[in-house]
Amino acid sequence: MNLVTNNHFVSLSPSLHAGSIADEGELSTVCYRPEGLDRLVQQTKFSKKELQVLYRGFKNECPSGVVNEETFKNIYSQFFPQGDSSMYAHFLFEAFDTHNNGSVSFEDFVISLSIILRGSITDKLNWAFNLYDLNKDGCITREEMTDIMHSIYDMMGKYTYPSMKDSAPMDHVDSFFQKMDKNNDGVVTIEEFLETCQKDENIMQSMHMFDNVI
């Protein structure tokens, strides 16, 4: 399991994958406000056609045009039936809910997705840091990282790791802080996080894992 990003959120909807980019005829049936679409082309690294495909998938899952947390959790749980993904989905929802209003719009979704899939390394790392910084105060504490790790292990399910020790989440937190907390003050700042990640070959490789998946 990677220290930085687990990329499970990329699979929020089955209709967001490359195979769903259909022929011109199907794309032409997608309705979307032209001014909104043009703005999102400027704000993201997606083409107009890709945004149309993403919008169709989003509307299929969320006909109202926005996702509340309960719907988000229900969609996400489909991908991890062997475990309990509710807490990780909660943290993820808060990262996508950039306006902190209890809902994720299509615009919120694709702007974050663009960073996750096609952003620069620094953009991706900043997004991951924000995900782990649960109270959004600019640093990651042991308590926050512990909550994140428990949520990930709960999501993956105990049967995925039959020989996993109960201490595994805490061991992961210890490893994270040994690597990241350079001044040993008990918190990891964005500066420490970026510096450490950019020097770690495994983390750098994981950052490229889903580049241009759509």
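## Helices α3 and α6

The crossing of α3 with α6 is right-handed, meaning that the near helix is turned clockwise from the far one by less than a right angle. Axes are lines fitted to C-alpha atoms over the stretch in contact, with angles from 0 to 180 degrees between N-to-C directions.

From α3, the contact (heavy atoms within 4.5 Å) takes in E50, L51, L54, Y55 and F58, and from α6 it takes in F106, F109, V110, L113 and R118. Eight of the contact residues are nonpolar, none is polar and two are charged.

## Basis of the model

This is a predicted model, in which local features need pLDDT of at least 70 and side-chain atom pairs count only at pLDDT 80 or more, while totals for chains, interfaces and linings use all residues. Residues are numbered from 1 along each chain as its sequence is written, and side-chain values use heavy atoms, with hydrogens and water left out.

## Helices α4 and α5

Helix α4 (residues 69-77) packs against helix α5 (residues 86-96) at an angle of about 125°, with their axes 9 Å apart, and this crossing is right-handed.

## Record annotation

An unreviewed UniProt entry lists "domain: EF-hand" for residues 84-119, 120-155 and 168-203. In the model, residues 84-119 are 67% helix and 8% strand, whereas residues 120-155 are 72% helix and 8% strand.

Notes:
Helices (H or I, at least four residues) and strands (E, at least two) are DSSP runs, numbered from the N terminus. Ala, Val, Leu, Ile, Met, Phe, Trp, Tyr, Cys and Pro count as nonpolar, Asp, Glu, Lys and Arg as charged, and the others, Gly among them, as polar. UniProt positions are given in the numbering used here, feature names are shortened, and annotations may be inferred rather than shown by experiment.
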